[in-house]
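Take a moment with the sequence and the fold before reading on.

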Amino acid sequence: MTSPMPFAVIGAGSIGMRHIEVAQASDCADLVAVVEQHEPTRAHLMAQGLPMVASIDELPAETRAAVIATPTPDHCNSALACMTKGIVVLLEKPISATLDESYILLAESARSGLPLLVGHHRRCHPFSIAARDALTQIGDIVGVQGLWSLRKHNSYYEAEWRRKPGAGPLMTNLSHEIDLMRFLLGELTEVSALLSSARRGFEIEDTAALAFRFENGALGSFLISDAGASPWSFEAASHENPAIAGSSEDYLRITGTEGAIAFPSLTFWGRSDEGEIEWSKPLRRNPGPRFEPIDPLLAQLERFAGVVDGAQDDVLCSGLDGLKALEMTLATALSGRTGMPVRAGAVPGDFRGV
């Protein structure tokens with residue numbers, strides 16, 4: 001890129017502010033506007049020197065790219081408003097509230113010829129990218145076991161909407177895990193879910209046990225909970241989020257016909273001698289490579305700038321990938337509520353997880 005891309009952030013909530021921070025820190029972006037409808041917030045940020053406007057219609061004509069960081073129900077409308085102005089969009093995850101809205105966005109991307117990307121930023125960590133290559137060492141993938149369990153503080157639930165359907169760990173946290181498993185292991189085709197609200201007693205689940213089937217024949221299990229205290233989660237393993245205590249403990253284990261890998265450390269367990277790998281022979285433990293910590297949102301922004309400038313990128317989450325992550329996230333919610341397995345293609349287009 002020969003000059004910084006004229007860049008806007010739509011929505012100045014907590015996630016929007018993180019995108020503002022990385023845009024200000026990056027040489028590849030020129031923050032030309034921040035859209036915020038809430039007048040007191042807009043006035044406060046304008047007093048800090050940010051280029052605030054009240055609506056997408058007020059974006060400067062030179063704006064080439066934008067991150068949509070508004071609440072999920074607004075994603076579709078804001079993205080369409082940007083794309084009709086010729087602005088390339090990166091939508092915060094999930095891509096939209098429903099599959100019907102996602103298809104509308106993909107159709108507009110195809111009509112306009114503009115790339116459409118989704119902010120599943122975990123892909124941008126060096127260890128996530130390296131894991132795709134490392135998995136070739138373990139033969140045919142047999143299965144994956146995952147555990148995400150972080151006890152959210154009680155005051156987190158003082159906001160009523162966080163206690164209502166649509167706001168539990170399935171719809172709030174699981175889409176990250178779905179996209180990362182797809183990134184590493186391939187397409188998901190079926191899910192079964194058991195839900196429990198026994199620990200917190202809210203309308204929404206606090207814990208879910210999930211079983212997945214992958215297109216390549218692999219199977220997976222995943223326990224996700226915001227009631228159980230543990231050192232096992234992506235955030236704790238990666239030290240990505242300063243608000244969440246780090247542990248450096250792996251939270252995914254992937255097995256194959258030739259060995260196994262723990263993620264995100266990329267510790268590899270493989271053959272110790274020639275001949276068949278079988279249970280009477282010990283596996284050799286090989287420590288994974290070390291990676292310098294990065295800000296994944298900054299890495300994502302810089303990759304996004306490359307795409308805006310015409311580059312191809314096989315790491316960023318495309319609109320279609322974002323739709324598929326949403327579909328399987330909604331499928332888990334549907335399975336939990338019906339007590340039946342749900343296959344890809346069976347989620348109603350207007351289903352919101354409730």
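Q: Which residues does UniProt list for "domain: Gfo/Idh/MocA-like oxidoreductase N-terminal"?
A: The model itself is predicted, but this label comes from a record: the unreviewed UniProt entry lists residues 7–120 for that domain. In the model, this span is 39% helix and 21% strand, and its end C-alpha atoms lie 19 Å apart.

Q: Which residues does the annotation "domain: GFO/IDH/MocA-like oxidoreductase" cover, and how far apart are the end C-alpha atoms of that span?
A: According to the unreviewed UniProt entry, that annotation covers residues 137–261. The end C-alpha atoms of residues 137–261 are 9 Å apart, and the chain there is 18% helix and 33% strand.

Q: What makes S248 count as buried or exposed?
A: The cut-off for exposed is over 50% relative accessible area. S248 has 51%, so S248 is exposed. You will find S248 in the loop between α7 (234–238) and β11 (252–256).

Q: How do you know whether L266 is buried or exposed?
A: Buried means under 20% relative accessible area. L266 has 5% relative accessibility, and therefore L266 counts as buried. L266 also has a positive phi, near 65°, in a residue other than glycine, and it lies in the loop between β12 and β13.

Q: What kind of peptide bond joins F263 and P264?
A: A cis bond, with omega about 15°. P264 sits in the loop between β12 (259–263) and β13 (267–270).

Q: Where is P94 found, and what joins K93 to P94?
A: P94 is in the loop between β5 (88–91) and α4 (99–112). K93 and P94 are joined by a cis peptide bond, with omega about -5°. As a reminder, most peptide bonds are trans.

Q: Which residues have the most contacts inside the largest nonpolar core?
A: They are F7, F263 and F304, in a core of 100 residues. To belong to such a core, a residue must be buried and joined to the set through side-chain atoms within 4.5 Å.

Q: What does F7 touch, not counting residues up to four places away in sequence?
A: Contact requires heavy atoms within 4.5 Å. The partners of F7 include A23, A29, L31, V32, A65, V67, L301 and F304, and D30 is also one of them.

Terms used. Residues numbered from 1 in each chain as written. Predicted model: local features only at pLDDT ≥ 70, side-chain atom pairs only at ≥ 80, totals over all residues. Heavy atoms only, no water. UniProt positions renumbered as here; feature names shortened; annotations may be inferred. Helix = DSSP H or I, 4+ residues; strand = E, 2+ residues; numbered from the N terminus. Buried < 20%, exposed > 50% of the residue type's maximum accessible area, 1.4 Å probe, protein only.
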